[in-house]
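The points follow the display.

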Amino acid sequence: MGKSSRLNTLLVEILIAVLFFALASTVVLESFVAARSQSRLAALYDEAAADVQNVADELYASGDYDSALESAGFAFENGGWRLPREQYTLLAATMEENAGAGKLVTAGISAAVEGKLIITVPVTLYIPWEVAP
Amino acid sequence: MNRRNYHIGPGAASLMLIVVALSMSALGMLALMSARNDEQLSERGVEVVEQVYTLTTAAERSLASLDAVLAQCALEAEDDAAWLSLIDQRLPVGMTRRDREISWTVQTTEERSILCAVELAEHGEVPRTHWVRHQLFTQLDPLEQEDGAWGN
């Protein structure tokens, strides 16, 4: 094999290698992007779950759901409470029901991303009539 | 002194490409697997939070049904002994009284349950009960359940 022929073979091989490398890196990059998107989603779930728990515990502590939601920053819109966060929106709805010797005050607290609920937590507190405000 | 000339020949580029492509694929796969596991763990965390609050809600509802019984018994009984006696007759299913403590277990899923206990106040006092136990139990391992061992 002559020197010129070897050089040509080498150049063609390098060209093929570069093309294949570009193709492979595109595929691998896609998997990195997917991994990043999944990690962000996982972080979002964690953050939303912690946020919803905080609100739920505030409600348990206060006993007066409406004022607790208001002081947490929720705004009452279209029959429900709403608090927009950076990546998701916290939603809450409250109701009271008669429970014999007292009342059950219930709230449903949810976190939603683009209309899809990712977590919903019920918060119920029993208050006997004798101690109800 | 012998000196050898090294130069890139045909095949070297392919070899390097194979090494680089394999390394990149391995890294990409590891990143994807790690992210998927993170997401599954987060979803599991969300499920656990929902289950715990659902259990707590169920515990409050059972307290409401117990308090309804206690209030009715308090109206009918004249003293503490009569009150306790009436409570024993009308205690909701699954609840047991021991001295002035009434306990029961709330379970909404196979994995988790809450052991609840309230202490009764004296006859005529309000509120009639106060919580003394509200303990979450988690089944750690199916094998442990067979042995009757529970963790929390």
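How many residue pairs are in polar contact across the interface of chain A and chain B?

1. The model is a predicted one. Across the interface of chain A and chain B, 14 residue pairs are in polar contact, both residues being at pLDDT 80 or more. On the chain A side, the elements giving two or more residues are helix H1 (3-62), strand E4 (102-113) and strand E5 (116-128). Of these, H1(A) gives the most, with 24 residues. By class, that side has 27 nonpolar, 9 polar and 6 charged residues.

2. In terms of contact, 42 residues of chain A meet 39 residues of chain B. About 3400 Å² is buried between the two chains, 68% of it on carbon and sulfur atoms. A:Glu13, A:Gln38 and A:Tyr126 lose the most area on the chain A side, together 16% of what that side buries.

3. There are 2 salt bridges between chain A and chain B. One of them joins B:Arg61 to A:Glu97 (2.8 Å, N to O).

4. Over all chains the count is 12 salt bridges. Within chain B, B:Glu111 pairs with B:Arg44 at 3.0 Å, N to O. B:Glu111 sits in the loop between strands E2 and E3 of chain B and B:Arg44 in helix H1 of that chain, so the pair ties together parts 67 residues apart in sequence. Both belong to a salt-bridge network that also includes B:Glu47 and B:Arg112.

5. B:Asp67 and B:Arg128 form another salt bridge (3.0 Å, N to O). B:Asp67 is buried at 1% relative accessibility, and B:Arg128 is buried at 7%.

Key
Residues are numbered from 1 along each chain as its sequence is written. Chains are lettered from A and ligands numbered from 1 in the order in which they are written. This is a predicted model: local features need pLDDT of at least 70, side-chain atom pairs count only at pLDDT 80 or more; totals for chains, interfaces and linings use all residues. Side-chain values use heavy atoms; hydrogens and water are left out. Contact means heavy atoms within 4.5 Å. Buried area is the accessible area (1.4 Å probe) that two parts lose on being put together, summed over both. A salt bridge is a side-chain nitrogen of Lys or Arg within 4 Å of a carboxyl oxygen of Asp or Glu. A polar contact is a pair of N or O atoms within 3.5 Å; within protein, one must be able to donate a hydrogen and the other to accept it, and residues adjacent in sequence count only if both atoms are side-chain atoms. Helices (H or I, at least four residues) and strands (E, at least two) are DSSP runs, numbered from the N terminus. Ala, Val, Leu, Ile, Met, Phe, Trp, Tyr, Cys and Pro count as nonpolar, Asp, Glu, Lys and Arg as charged, and the others, Gly among them, as polar. Buried means under 20% relative accessible area, exposed over 50%, partly exposed in between (1.4 Å probe, protein chains only).
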